[in-house]
Number of protein chains: 2
Amino acid sequence: MKAEVIETIREMVGRTQRLRAKGKSIGFVPTMGALHEGHLSLMRRSRAENDVSVISIFVNPTQFAPGEDFEEYPRPIAEDVRKAEEAGVDLIFTTTPEEMYPTGYSTFVEEERVTRPLCGKTRPTFFRGVLTAVLKLCQIVRPHRVYFGEKDFQQCRAVQRMVSDFHLDVEIISCPIVREDDGLALSSRNVYLSASEREEALTIPKSLDLAESLVSEGVRDPAVLVARMTELITEIPSARIDYIETLSADDLSTIERLQGDVLVAVAVWIGKTRLIDNRVLAIG
Amino acid sequence: MKAEVIETIREMVGRTQRLRAKGKSIGFVPTMGALHEGHLSLMRRSRAENDVSVISIFVNPTQFAPGEDFEEYPRPIAEDVRKAEEAGVDLIFTTTPEEMYPTGYSTFVEEERVTRPLCGKTRPTFFRGVLTAVLKLCQIVRPHRVYFGEKDFQQCRAVQRMVSDFHLDVEIISCPIVREDDGLALSSRNVYLSASEREEALTIPKSLDLAESLVSEGVRDPAVLVARMTELITEIPSARIDYIETLSADDLSTIERLQGDVLVAVAVWIGKTRLIDNRVLAIG
């Protein structure tokens, strides 16, 4: 099936207004392109659950800090369009930084709790950029349901918080992490990895396996868990740990004991590539 | 005509969804109550231009800093309902700080240009509170048109900026300042003034008259204008100037010369009461 590419905000707004007026339900997957199976799983679900399935492809400059990989971020647009079509997407919205943030642009969304730990510590303007873009895209696309992958677990929680706090008329659906056969979580940034780095990156999901088995062996002290995971990851020469943390999966608050739904979250630099992964453990 | 008072967010959301589904146009006047003729002029316009006219009465805690008059702010609810009914309002939405900002609430709107000068300097969290509340109320009430008074000129510009930056599907309509016969701009805070302060407060609109006549005499230097206005206001013993500024009325940027549409804006403490006023001069 052919997907239609829409390249201006005005055109997208008009289209979704007409779809809404006809009573069509709209599913939406916001992406930065460089689509992989993780994205495609969201698109298939969006297609299954809605009359019309929309994605956006927009590398959002406000979520990159100076020195991060905004310029290098992969932009294989033709391939992305083909993949999205195969996943049953009806409309592909693309736009430019100039259209999204024109001269004089000055309004941003700040979330002050769930965005503070984890990625919020080393990327202090990241979530502000993400939430601002998601809010804007939701106003443009006017979806009934928006799909996010749980690899970006903190992003899911932050968006859910924004939707609830701002009373946005949209349902946020978070979907399971998709992994390679060997366990590495899919990420558009995996293409940055050399062959040997790709091998070494496997230590990240292995550290989550380790966390899971430690908990099943009865470990309830977060410090013990983090120490053992740190030990495992620092064996890798090219790895530099950004964070390894255990938090309440509900509101990302700190916990003193591994109990209830616990998010084990990891960010590790493998050479020049920063990768994140996580697992939620339901601990009785 | 009887207005209906709606006291929960859920009920208000349901009501406006049904009105929208029926194709009714919705006009909205957000207020903090203590309604005066300025508010009522907005309500009459909302009534004239829309099928259904809604107001909110909510003293929004996030726009008050510690030490400001959140507690003392007048709340004459029965009188407000009667006045709103007389102005043809159909629905009056009231809510509580607990419902608007429940435990765990953490998401805010930050505008970083037009909110920086004037009131943004001495009330640095004020506009963040205003914009957050306006965004939330717009999601709850889902209006087609929202009416603001130009006494809060900077607020009008900040809201317009937010609506444009976030692509909110709503039209912002700003309406002229309503004044007492003697020239004092209407404000819910005028009730704080003693009889003598009320008299002294007249110097504020008089300083704007002075600005206008100086410009018509050919003054084009902002410093001269501000100096003459300062001179006039400091003659009043109970007055303490917060700011007197001339800015571009378009984007509130600083100007070196009085030319084009110029906002002359004043904030003055009269005793313990802070009053604001402004005039836009179209200078050829």
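The legends below describe close-up views of a predicted model.

**View 1**

**View 2. The largest nonpolar core.**
This core has 149 residues. The residues with the most contacts inside the core are Ile92, Leu131 and Val141 of chain A, together with Ile92, Leu131 and Val141 of chain B. In soluble globular proteins, nonpolar side chains tend to be buried together.

**View 3. Surroundings of Val141(B).**
Val141(B) is one of the residues with the most contacts inside the largest nonpolar core. Leaving aside residues up to four places away in sequence, Val141(B) touches Met12(B), Thr16(B), Ile26(B), Phe28(B), Val54(B), Ser56(B) and Phe93(B).

**View 4. Helices α6 and α7 of chain B.**
Two packed helices are described by the angle between their axes and the distance between the axes. Helix α6 of chain B covers residues 126–141 and helix α7 of chain B covers residues 153–165; their axes come within 10 Å and cross at roughly 55°. Angles under 35 degrees count as roughly parallel and those from 65 to 115 as roughly perpendicular, and α6(B) and α7(B) are therefore oblique to each other. The crossing of α6(B) past α7(B) is right-handed. From α6(B), the residues Phe127(B), Val130(B), Leu131(B), Val134(B) and Leu135(B) take part in the meeting of the two helices. Their counterparts in α7(B) are Gln155(B), Ala158(B), Val159(B) and Met162(B). Leu131(B) is also among the residues with the most contacts inside the largest nonpolar core.

**View 5. Ala34(A), a residue with positive phi.**
Ala34(A) lies in the loop that runs between β2 (26–31) and α2 (37–49) of chain A. Its phi is near 50°, a positive value in a residue other than glycine. With 20 other C-beta atoms within 10 Å, Ala34(A) is buried.

**View 6. Leu118(A), in the loop between β5 and α5 of chain A.**
Leu118(A) is a residue other than glycine with a positive phi, near 50°. Within 10 Å there are 24 other C-beta atoms, so Leu118(A) is buried.

Note on methods
Residues numbered from 1 in each chain as written. Chains lettered and ligands numbered in written order. Predicted model: local features only at pLDDT ≥ 70, side-chain atom pairs only at ≥ 80, totals over all residues. Core = buried A, V, L, I, M, F, W, Y, C linked by C-beta atoms within 7 Å. Buried ≥ 20, exposed ≤ 12 C-beta atoms within 10 Å, placed from the backbone. Contact = placed C-beta atoms within 7 Å. Axes fitted to C-alpha atoms, helices over the stretch in contact; angles between N-to-C directions. Helix = DSSP H or I, 4+ residues; strand = E, 2+ residues; numbered from the N terminus. Parallel < 35°, antiparallel > 145°, perpendicular 65-115°, else oblique. Left-handed = near helix turned anticlockwise from the far one by under 90°.
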